[in-house]
Amino acid sequence: MTAGQDAKISNIQKRIDAGKPIRVLSIDGGGMRGVVPATFLDAMETLSGLGIAELFDVVTGTSTGAILAVGLTVAGENNKPKYKSTDFIKLYQDMGGVIFHKDRAMLEVLDGITRPSYDPVGYENLLKEYFADAKLSEAITELAVPSIELEDMNMHIFTRANARKSSSHDVEVRELIRAATAAPTYFPAANVNNADGKTMGTFVDAGLSTNNPAIIALAEAKALVAGQAADYLIVSLGTGAITKPIVAMKAKNWGEVEWIKSIFDLQGDAQSSYTETAVSTFLEGNDNSAYHRFQVDLHKLPFQLDDTKPEHIEELREAAVKSVSDQLDIIKQLTQNLME
């Protein structure tokens, strides 16, 4: 482990000793709607002149949130962030058709029912291009990324802390992202090998159970402070709230096909609302801790996680830009607090 790799862990202890809060970032899942949190993150980077990995001590992301969480903590030259949020805004704008790509054979079947809807080869090549052989243990700041292992059916949390303790827990970040974004019916499940070359299992996206991973982020932060008293500054970014209700009289007689269209959004929104309550409850009585949740109302906006049409991505982007503008004073003060 290099001196640069040691620095962030030491910084967490320094923040505790100085009475400063541990800075925690949580990013929801949501496919192409990842352009929404990327826009909020871009605002924070622009206001601070710092990378996200320099503003936060612990970063967590589910599904598309894992692309941002991992991508923005990959080290470049001099152990500085390799990528900025604008790089991932551009990825959503320009590479959606590569990520969600159908080959000829897939067009001949009922997508998502008899086999996954999308061929992952182009997506996997894109991850290789962006991240090469970078490993989880090399991340600039602490990471916690959830994915579900199929055989034991348990949630697995990939963390930088564990990756640094043992090579058996270390993985290439491109494999980690592929596993964290293997949304059932959309992509095939993903195999993950550790740094020793041994299989860790076959994984799928954790979005159905923990689309908003703020609880995971808080749990990892608490584990890192190792029982010490600490304050927390938690920032949670959504990928857009689906406000269109499901009509009960219609839904009660839905079958498999109808539910497939709505189950991700229904489960995601329900779990997210519970998580917001749980995090707020945990922080009750701690006047030196704070929780900020940023979300965009997707009413009348494109919301399918695999909608890659450029005009629809731009609509999402514009909605996020407007939301940032409407809350700019709050975001400015938050960013200032993150810099302290």
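Modeller: A word on the basis first. This is a predicted model, where local features need pLDDT of at least 70, side-chain atom pairs count only at pLDDT 80 or more, and totals for chains, interfaces and linings use all residues. Residues are numbered from 1 along each chain as its sequence is written, and side-chain values use heavy atoms, with hydrogens and water left out.

The pLDDT is the predictor's confidence in each residue, from 0 to 100. The protein chain averages 88, and 84% of the residues score at least 70. Over residues 1-6 the pLDDT is below 50, and this stretch has eight contacts in the model beyond near neighbours in sequence. A contact here means heavy atoms within 4.5 Å.

Now the helix. H9 spans residues 173-180. Helices (H or I, at least four residues) and strands (E, at least two) are DSSP runs, numbered from the N terminus. Seven of the eight residues of H9 are buried. Buried means under 20% relative accessible area, exposed means over 50%, and partly exposed lies in between (1.4 Å probe, protein chains only). The buried set is Val-173, Glu-175, Leu-176, Ile-177, Arg-178, Ala-179 and Ala-180.

H4 is itself mostly covered, with eight of its eight residues buried. They are Thr-64, Gly-65, Ala-66, Ile-67, Leu-68, Ala-69, Val-70 and Gly-71.

Take Glu-175 in helix H9. Glu-175 is buried yet has no salt bridge. A salt bridge is a side-chain nitrogen of Lys or Arg within 4 Å of a carboxyl oxygen of Asp or Glu. The nearest side chain of opposite charge is Arg-174, 5.3 Å away. For charge, Lys and Arg count as positive and Asp and Glu as negative, while His and the chain ends are not counted. A polar atom of the Glu-175 side chain does lie 2.8 Å from the backbone nitrogen of Asn-193. Leaving aside neighbours within four places in sequence, Glu-175 is in contact with Asn-191, Val-192 and Asn-193.

Strand E6 holds Gly-201. At 13% relative accessibility, Gly-201 counts as buried. Gly-201 touches Glu-149, Ala-190, Asn-191 and Val-192, not counting residues up to four places away in sequence. Gly-201 and Glu-149 are 52 residues apart in sequence, but their C-alpha atoms are 6.2 Å apart in space.

The other charged residue is Arg-178. Arg-178 forms a salt bridge with Glu-124, with the closest N and O atoms 2.9 Å apart. This pair links distant parts of the chain: Glu-124 sits in helix H7 and Arg-178 in helix H9, 54 residues apart. Arg-178 is buried at 6% relative accessibility, whereas Glu-124 is partly exposed at 34%.

Salt bridges also join residues into a network: Lys-128, Asp-133, Glu-172 and Arg-174 are linked in this way.

Rings of Phe, Tyr and Trp (its six-membered ring) pair if their centres lie within 6.5 Å; planes under 30 degrees apart count as stacked, over 60 as edge-to-face and the rest as tilted. By this rule there are 13 aromatic pairs. Tyr-83 and Phe-131 have ring centres 6.0 Å apart and planes at 85°, so the pair is edge-to-face. Tyr-83 lies in the loop between H4 and H5 and Phe-131 in helix H7, so the pair ties together parts 48 residues apart in sequence. Both residues are buried. Elsewhere, ring pairs link Phe-100, Tyr-118, Tyr-123, Tyr-186 and Phe-187 into a cluster.

Glu-54 is in helix H3 (residues 52-55) and Lys-80 in the loop between H4 and helix H5 (85-94), 26 residues apart. Both are partly exposed, Glu-54 at 22% and Lys-80 at 46%.

Definitions and conventions
Polar contact = N/O pair within 3.5 Å; in protein donor to acceptor, adjacent residues only side chain to side chain.
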